[in-house]
Every structure is written in C-alpha cells, then in structure tokens.
Amino acid sequence: MGKMKKSLILALTLLCICLMAFLPRLTGWFQDRRRENAVLYEESAQVRLEIQQDMPLLGKLSLLGRMEGVLEVPEAMAKMTVEEAEQAAVDALEPYLEAGLIPEFTVWQVVARPLLIRTAETADLAGLVWAVMILSDEEGVLNVSVDIDDATGTLLRLNFNYEYWGETDLSGSLSRLAEVYFAGLAVEDYEQFATDDLENRYIGDDTVAQRYRLEDPVYGHANLDLYVHRYGFYVATPIV
C-alpha cells in the first residue's frame with residue numbers, strides 16, 4: 001500500500017512538471033487561436049495619419065526621399081477613393097500633354113494603390129500617397145507611373161516611358177519638364193533651387209538631368225532629380 005502511494009505521488013509530481021514545462025506553449029497556442037478568429041486594428045497608424053493629413057507637399061516629398069519602405073493601407077484610410085485617385089492621376093498628366101512632353105494616347109488601364117509613407121527616424125511623421133500606374137495598352141508600350149498626394153491630388157513624382165518617343169532635344173525637354181512639374185507644386189522660383197552636385201547630369205548622348213533641392217526648417221530638405229532620356233523622363237527623390 002505504501003509503495004502504491006509513493007508511486008502515485010511520483011506520477012502526479014512528474015505530471016505537474018510536464019504541465020509546467022508545456023504551459024507556455026499551451027498559452028501561446030490558445031492566444032494564437034484567439035487571434036486567428038479576431039479582427040485586429042492598428043490604431044496608432046490611423047491616429048498619425050489623421051494628424052499628418054495636412055502635411056505640406058514638401059514634407060511628403062522629403063518623406064518619399066527618405067522612406068525605407070511603404071505600407072499598403074485600406075482605401076477607407078485615405079481621403080480619396082480609388083476612382084478619385086485614378087482620375088486625379090489622369091488629370092495631373094494634362095499639363096504634360098499640353099506641353100508636348102507626353103503624346104496624346106488612349107487610357108487602357110489605370111491601377112491605383114494607397115500607400116502609407118514613413119521613415120524609421122521620424123516614426124511620428126507619416127503621409128499617404130496613391131501609387132498609380134496608367135497604361136495605354138496591354139503591351140505597356142506607353143506607360144506612366146505617378147505618386148499622387150492623397151490630401152490634394154497633387155502629382156509628387158512621375159515616370160513616363162514610351163518606346164517610340166524618340167526625343168532628340170533632351171535639354172529642351174528637361175527645361176519644359178521642370179517648368180510643368182514645379183508649376184504643379186506651385187513653386188514659381190524653382191530655378192534658384194537648382195544645384196550642381198548631381199554627378200551624372202549627362203550620360204552619353206541619351207540622358208540629361210538636373211537636381212533641385214528644396215529646404216524646409218521642419219521637414220528637412222527634398223532632393224528632386226529630373227531626368228530626360230530618349231524614351232521618356234522621370235522625377236526621382238534620392239537621399240543625399
């Protein structure tokens with residue numbers, strides 16, 4: 001009888017030890033199961049987004065230049081709808097068509113995605129832009145990608161490619177590109193922000209470029225590199 005009691009006590013002790021060892025795993029398993037069936041919300045990003053909706057364009061251009069990644073967010077978090085963002089992108093191209101930088105074309109497809117932009121060193125600053133791709137046909141012979149500010153519908157960056165563009169007056173096109181682009185940002189005296197620290201201003205006979213640097217005491221500076229090549233042009237926001 002005594003031996004049986006000792007064996008029972010020993011078995012219960014071993015069982016308790018096993019349960020204690022597996023308790024963290026069991027707890028984690030139950031928590032995972034609860035998460036699988038629950039809807040989770042990240043409220044902090046939403047709050048920051050609402051606070052920063054009035055961020056000036058220069059602030060968003062600065063973020064675009066320093067961002068380490070983007071996060072696609074639900075349409076409900078944006079001020080514009082998908083349809084409004086697509087239309088804003090198409091409308092933003094009108095001045096470029098009028099200036100002869102982009103030829104007349106029929107829009108075949110437009111795809112827009114809302115993206116939250118932020119950087120690691122300025123986690124409390126965030127903005128929302130729409131990345132929009134516009135295609136003239138399914139082969140992508142003429143395509144334009146633009147970044148549109150969600151709050152104002154302003155074009156922040158663009159990349160135009162057309163394999164039959166065949167532009168030869170690259171310097172003239174660069175001047176027209178700068179004029180149209182900065183007019184969209186409502187920057188009238190943009191020429192005074194031109195810098196000479198862009199290493200590759202001329203790449204053979206195929207590419208010309210110019211850097212502009214806009215300064216802001218709150219958001220820092222934004223580098224805007226405008227490139228024109230034989231098959232199109234684009235605006236980049238590099239980190240310098």
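Among contacts between residues at least 6 apart in sequence, 59% join residues at least 24 apart. The model is predicted. Its chain has 240 residues, and 40% of them count as buried. The secondary structure comprises 6 helices and 10 strands.

### Salt bridges

The structure holds 7 salt bridges. The table lists some of them.

| Pair | N to O distance |
|---|---|
| Arg213 and Asp197 | 2.6 Å |
| Asp206 and Arg230 | 2.7 Å |
| Asp225 and Arg211 | 2.7 Å |

Take the pair Arg213 and Asp197, whose side chains meet at 2.6 Å. Arg213 sits in strand 8 (residues 207-216), while Asp197 sits in the loop between strand 6 (194-195) and strand 7 (202-203), so this bridge ties together parts 16 residues apart in sequence. The two partners fall into separate burial classes. Arg213 has a relative accessible area of 19% and is buried; the cut-off for buried is under 20%. Asp197, at 32%, is partly exposed.

Next comes the bridge between the side chains of Asp206 and Arg230. Asp206 belongs to the loop between strand 7 and strand 8, and Arg230 to the loop between strand 9 (220-229) and strand 10 (232-236), so the pair ties together parts 24 residues apart in sequence. Asp206 is partly exposed, at 37% relative accessibility. Arg230 is also partly exposed, at 38%.

The remaining pair in the table is Asp225 with Arg211, with closest N and O atoms 2.7 Å apart. Asp225 is in strand 9 and Arg211 is in strand 8; 14 residues separate them, and the pair links distant parts of the chain. Both residues are buried.

Which residues are linked in a network of salt bridges? They are Asp197, Arg211, Arg213 and Asp225. The network thus includes the buried pair Asp225 and Arg211, along with the partly exposed Asp197.

### Asp147 in strand 4

Asp147 lies in strand 4 (residues 142-149). Is Asp147 buried or exposed? Asp147 is buried, with a relative accessible area of 12%. Its side chain makes a polar contact of 2.8 Å with that of Arg157. Leaving aside residues up to four places away in sequence, Asp147 touches Trp130, Ala131, Thr154, Leu155, Leu156 and Arg157.

### The nonpolar core

The largest nonpolar core has 60 residues. Which of them have the most contacts inside it? They are Tyr96, Ile148, Tyr181, Phe182, Leu226 and Phe233. Beyond residues up to four places away in sequence, Tyr181 touches Leu61, Tyr96, Leu155, Leu156, Leu158, Leu224, Leu226 and Val235. Leu155 and Leu156 are also among the residues that Asp147 touches.

### Helix 4

Helix 4 spans residues 82-92, and its buried residues are Ala85, Ala88, Ala89 and Ala92. What do the buried residues of helix 4 pack against? Their partners are helix 5 (94-98), strand 2 (109-118), strand 3 (126-135), strand 4 and strand 5 (155-162). Strand 4 is also the strand that holds Asp147.

Conventions:
Residues numbered from 1 in each chain as written. Predicted model: local features only at pLDDT ≥ 70, side-chain atom pairs only at ≥ 80, totals over all residues. Heavy atoms only, no water. Helix = DSSP H or I, 4+ residues; strand = E, 2+ residues; numbered from the N terminus. Buried < 20%, exposed > 50% of the residue type's maximum accessible area, 1.4 Å probe, protein only. Contact = heavy atoms within 4.5 Å. Salt bridge = Lys/Arg side-chain N within 4 Å of Asp/Glu carboxyl O. Polar contact = N/O pair within 3.5 Å; in protein donor to acceptor, adjacent residues only side chain to side chain. Core = buried A, V, L, I, M, F, W, Y, C linked by side-chain atoms within 4.5 Å.
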